[in-house]
Amino acid sequence: MVPRTSAEKALALLTQLRLLDAGLRIQAENGYTHIPLSREPFAWELERIRNDLPNVSLCEYEFIERHDKIVKLVDLLSDKLLPQVLASLPHAVDFVGDIAVVEISPELEPHKLAIGAAILKAHKRVKTVLSKSSPVNGVYRLRTYETIGGEARTRTVHRENGCVYHVDLAKAYFSSRLSYEHLRVASLVKEKETIIDMFAGIGPFSVLTAKTHANVRVYSVDMNPDAYELLRKNALANRVMGKVTPMLGDIRQVVNERLTGVADRVIMNLPERAVEYVDVACRALKPEGGVIHYYQFVDTPEPLDTARDRFAEALSQNDRRLLGISEARIVRGIAPFKYQVVVDAEIK
Ligand SMILES: C[S@@+](CC[C@H](N)C(=O)[O-])C[C@H]1O[C@@H](n2cnc3c(N)ncnc32)[C@H](O)[C@@H]1O
């Protein structure tokens, strides 16, 4: 249970961690909100919940079942697929605007069209179902998709944290699983700051930060021309063009030529390669220092320590000093025992 004032934040986090039991009713009582969990959280999830929601308490509670029927994929497909095939149905469906994205395992491949049709039936607002047909790769961090239901397209309009985003999943990186992280970073920004979003994509850190602050300047850089075009469109759609300056180019060159020594805060959301750009972030910060949000993929048993150490090691090669790490947290699980971690570091 959480105090009622934290209920919205708790729901966002538990949804993101896929811990919410949608079959049970959320209940309010004496200023507290009781939220049903579908399973016991893992240790790292618990750490994250305790970090983000210091007033949370985990307890037994008698929840009431929801009367409105939740349509489950497994129910829709139970007369079409064998039980052992049903057991491997995708647990996670990501929703980006009116597109649903799933991962189809090899044993489900012959049934992908039935799965696509079932998702369309279960989620009335979904118009397209895509299956991931490659891992995320390349400099632009893209993957390929196959349409397994509805209209064959990868463009949509997605709403997140009160902003609207034009997205093209095939042309520019976007993940709806980062929505809480976008919100968390934007909420740390202070008025009058200058921020460099080094790997901005279509702009979810930049646009939200500009939209939620009256007086900030955000330089949003990406080298993918399609991401840059969508970023421009999103800055305009959310009326933050001007506070946000979209820039097309390689961040190293952009900082060297135009953004040296200007930033109070730098966002480094390129988890597989951010370590190679710590020197660029150091150059981008004002001489008196500032904050770096450093992201990294980690597959070691102590992911937070590993990310902290890698960042500190990379920083030590520069003419900067680590004043402290205000937070290190797991952003999300990427694969079994592989995590995306963020380190918020104060630099002098
Ligand atoms: C993981 S995506 C991050 C997107 C965005 N921050 C978000 O939260 O949705 C990384 C982005 O960095 C861009 N990128 C990769 N290397 C770059 C570089 N050297 N300079 C500028 N952008 C780069 C890619 O094109 C990609 O859009």
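Me: Which residues touch the most other members of the largest nonpolar core, and what makes a set of residues a nonpolar core?

Reply: The largest nonpolar core has 49 residues, and M198, I251, V266, M268 and I292 touch the most other members. The term denotes a set of buried Ala, Val, Leu, Ile, Met, Phe, Trp, Tyr and Cys residues joined through side-chain atoms within 4.5 Å. Buried means under 20% relative accessible area, exposed over 50% and partly exposed in between, with a 1.4 Å probe and protein chains only. The model is predicted, so local features need pLDDT of at least 70 and side-chain atom pairs count only at pLDDT 80 or more, whereas totals for chains, interfaces and linings use all residues. Residues are numbered from 1 along each chain as its sequence is written, and side-chain values use heavy atoms, with hydrogens and water left out.

Me: How do you know which residues come nearest to the ligand, and how is its shell divided?

Reply: A residue is near a molecule if one of its heavy atoms lies within 4 Å of it. There are 20 residues around the ligand, of which H182, F199, D222, D250 and I251 come nearest. The shell holds 13 nonpolar, five polar and two charged residues. In that division, Ala, Val, Leu, Ile, Met, Phe, Trp, Tyr, Cys and Pro count as nonpolar, Asp, Glu, Lys and Arg as charged, and the others, Gly among them, as polar.

Me: Which atoms lie 2.9 Å apart at I251, and what separations are found at N269 and Y277?

Reply: At I251, a backbone N or O atom is 2.9 Å from a nitrogen atom of the ligand. A polar side-chain atom of N269 lies 3.0 Å from a ligand oxygen atom, and a side-chain N or O atom of Y277 is 3.2 Å from a ligand nitrogen atom. On its own the ligand has 600 Å² of accessible area, of which the protein covers 98%. Accessible areas come from the Shrake-Rupley method with a 1.4 Å probe.

Me: Why is R153 called partly exposed?

Reply: The relative accessible area of R153 is 23%, which is why R153 is partly exposed. R153 is placed in the loop between β7 (145–150) and β8 (155–160). Strands here are DSSP runs of E of at least two residues and helices runs of H or I of at least four, numbered from the N terminus.

Me: What makes a polar contact, and with which side chains does R153 form one?

Reply: A polar contact is a pair of N or O atoms within 3.5 Å; within protein, one must be able to donate a hydrogen and the other to accept it, and residues adjacent in sequence count only if both atoms are side-chain atoms. The side chain of R153 has such a contact of 2.8 Å with that of D98 and another of 2.7 Å with that of E151.

Me: Why is T194 called buried?

Reply: The relative accessibility of T194 is 12%, so T194 counts as buried. T194 lies in strand β10 (residues 194–197).

Me: Why does G203 count as buried?

Reply: G203 has 0% relative accessibility and therefore counts as buried. G203 lies in the loop between β10 and α7 (204–211). In α7, seven of the eight residues are buried, among them P204, F205 and L208. Residue L208 is also in contact with G203, as are Y165 and L231, neighbours within four places in sequence being left aside.

Notes
Contact = heavy atoms within 4.5 Å.
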